[in-house]
Amino acid sequence: MKMKKFLKCLIAAGTLFVISHTDTKNASAAAPFGAEEWTQYRLSPDNNAVIDSGHEPLEYMILETEDEVRATPVVADGKVFIGNHNSGDVMAFDLDSGERMWRNTAPNWIHSEAIYHEGLVYVGYGNRFFQKNRAYSFFKNFGLQDLFRHRAIRGTGESGVMALDADTGKLVWRHGTKGEVMPTPAIYKNHLYITTGDRTLYKLTLDEGALIHKEDIGSTVSMSSPNIHGDMLYVGGSGPLPYTFSAYDLKKDEMAWQTEFPDVVMGLDDVPPAVSNGLVITTGLVSNKDGELEHEIYALDTSTGEIAWQDNWGAGQFVKNNKSGAPIIHEGTVFVASPITKTYYAYDLNSGEQLWAHEDAAAKAPPVAKDGIVYFSNVEGEIVGLDVTRGIPVRRMALEGVLAPAGPVIANDTLFIGSQDGNIYVVPLDDFEDIGN
């Protein structure tokens with residue numbers, strides 16, 4: 001009798017285990033591939049875009065777009081959302097089939113990534129050219145057009161942000177701005193925030209794009225996508241001089257602090273900052289006594305804006321566009337590349353100690369780190385995986401085109417990277433060539 005009861009209990013327990021295990025597998029399989037939502041640049045404040053939605057890695061594939069890809073592929077809800085640099089096309093691909101689902105077109109460049117939230121895709125548009133007016137003609141007469149550039153509005157033609165239906169690509173709303181919206185928008189609670197080439201921070205409603213608040217931040221923002229961490233928004237800006245880094249209190253709708261960088265001459269307005277553990281990391285370029293550009297990294301206290309630590313990487317070869325490196329933070333380490341020095345760096349986040357430096361092809365994009373390897377994409381069409389503790393190359397993958405200024409992201413052990421050859425490359429991490437120990 002006791003044995004029968006024991007067997008019944010054992011069978012019941014086994015049945016429950018099978019049901020529970022099956023339900024877990026089905027739930028995982030039913031969940032869409034990628035992030036549930038993507039509400040700011042590179043998914044999270046540390047800029048290390050790594051997603052695990054419980055799926056197996058995808059097979060290698062190439063997603064063809066209409067023009068250059070300089071934006072980060074957004075992997076969410078079983079889709080990839082991407083925009084094109086020159087043509088302004090924005091589109092979605094289904095990750096089950098690899099087929100394009102829809103395409104729409106913005107009135108200008110799409111230079112940075114879209115974001116995804118509750119069935120809508122939000123994307124900014126605009127270009128890097130400065131608007132010319134009577135002031136430009138005046139300054140040009142005296143050979144001072146570069147001085148005008150720091151006072152002008154950046155972005156010619158139409159600029160703004162738009163919302164699209166994520167399933168159909170249909171336009172939901174569009175909000176125009178005076179200056180470009182090349183930085184990635186960001187969502188805080190029920191509002192969308194954009195930084196612009198007209199030195200303004202805009203707060204819009206998510207459902208209609210209605211303007212709620214405008215804040216004059218006093219600096220042109222080129223590609224420094226706003227980083228939201230807690231109730232604060234962090235962003236770098238340029239002219240009017242000096243270059244300035246700003247922290248904005250989202251609860252109070254007012255500026256918390258601004259830190260001026262009088263020695264910086266380029267880059268601070270292009271770098272999307274990374275935030276973790278009370279520090280915000282950014283980079284900029286300064287001019288030395290010989291007129292050469294030198295690259296520097298800065299860690300600012302998130303509460304006060306005071307510089308906690310900084311380092312100078314020295315001078316190197318002049319780079320035409322995207323001169324400043326974009327950092328990520330992973331497990332207490334800052335990873336960043338300098339296209340000026342053609343070197344990849346690792347720093348201890350809290351102390352500012354340089355842990356290693358590795359010379360390689362110029363990299364203009366933020367890397368991504370997972371499972372002891374940090375992956376840098378470069379202008380020669382390669383992705384190099386370095387050991388996070390030693391800075392030694394351990395993996396490499398040759399692709400095509402210039403892989404900049406947007407860097408790779410990883411979803412379910414699959415790497416996604418956009419290229420200026422017009423393609424998005426989808427590469428399982430197991431496909432990388434192992435090149436070292």
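This is a predicted model: local features need pLDDT of at least 70, side-chain atom pairs count only at pLDDT 80 or more; totals for chains, interfaces and linings use all residues.

Colleague: Where does arginine 199 lie?

Modeller: Arginine 199 is in the loop between strand 12 (191-195) and strand 13 (200-205). Its phi is near 65 degrees, a positive value in a residue other than glycine.

Colleague: And arginine 42, what's its phi?

Modeller: Near 55 degrees, so positive as well, and again arginine 42 is a residue other than glycine. Arginine 42 belongs to the loop between helix 1 (2-30) and strand 1 (50-51).

Colleague: Is arginine 42 buried or exposed?

Modeller: Buried, because its relative accessibility is 0%.

Colleague: Where is proline 405 found?

Modeller: In the loop between strand 31 (393-398) and strand 32 (409-411).

Colleague: OK, cavities. How many of 30 Å³ or more does a search of the whole structure find?

Modeller: One. The largest cavity has a volume of about 210 Å³. Its lining has 23 residues, and the closest to its centre are Tyr41, Met223, Asp270, Pro272 and Pro405.

Colleague: How do the residues of that lining divide?

Modeller: The lining of the largest cavity has 11 nonpolar residues, seven polar and five charged.

Colleague: In what sense do strand 32 and strand 33 pair?

Modeller: Antiparallel, over three bridges, with strand 33 covering residues 414-418. Alanine 411 stands opposite threonine 414 there.

Colleague: And the hairpin of strand 5 and strand 6, which residue takes a positive phi?

Modeller: Glycine 98, near 80 degrees, in a hairpin that has five residues between the strands. Strand 5 (residues 89-94) and strand 6 (residues 100-105) pair in the antiparallel sense over five bridges, and valine 90 stands opposite asparagine 104.

Colleague: Last topic, rings. How many aromatic pairs does the search find?

Modeller: The whole structure has 16 aromatic pairs. In one of them, tyrosine 234 and tryptophan 257 have ring centres 6.2 Å apart and planes at 45 degrees, so the pair is tilted. Tyrosine 234 lies in strand 16 and tryptophan 257 in strand 18 (residues 254-261), so the pair ties together parts 23 residues apart in sequence. Both tyrosine 234 and tryptophan 257 are buried.

Colleague: What about tryptophan 313 and tyrosine 345, how far apart are their centres?

Modeller: They're 4.3 Å apart, with planes at 5 degrees, so that pair is stacked. Tryptophan 313 is in strand 23 (residues 307-315) and tyrosine 345 in strand 26 (residues 343-348), so this pair links distant parts of the chain, 32 residues apart.

Colleague: Is tyrosine 345 buried or exposed?

Modeller: Buried, at 5% relative accessibility. Tryptophan 313 is buried too, with a relative accessible area of 10%. Trp313 and Tyr345 form one aromatic cluster together with Trp309 and Tyr347.

Key
Residues are numbered from 1 along each chain as its sequence is written. Side-chain values use heavy atoms; hydrogens and water are left out. Two strands pair if DSSP finds at least two bridges between them. Helices (H or I, at least four residues) and strands (E, at least two) are DSSP runs, numbered from the N terminus. On a 1 Å grid over the protein atoms alone, a cavity is a set of points where a 1.4 Å probe fits but cannot get out, and a pocket is an open set with protein on both sides within 12 Å along at least five of seven lines; lining residues have an atom within 4 Å of a point. Grid points are joined across faces, edges and corners, and a volume is the space filled by probe spheres set on the points. Ala, Val, Leu, Ile, Met, Phe, Trp, Tyr, Cys and Pro count as nonpolar, Asp, Glu, Lys and Arg as charged, and the others, Gly among them, as polar. Buried means under 20% relative accessible area, exposed over 50%, partly exposed in between (1.4 Å probe, protein chains only). Rings of Phe, Tyr and Trp (its six-membered ring) pair if their centres lie within 6.5 Å; planes under 30 degrees apart count as stacked, over 60 as edge-to-face and the rest as tilted.
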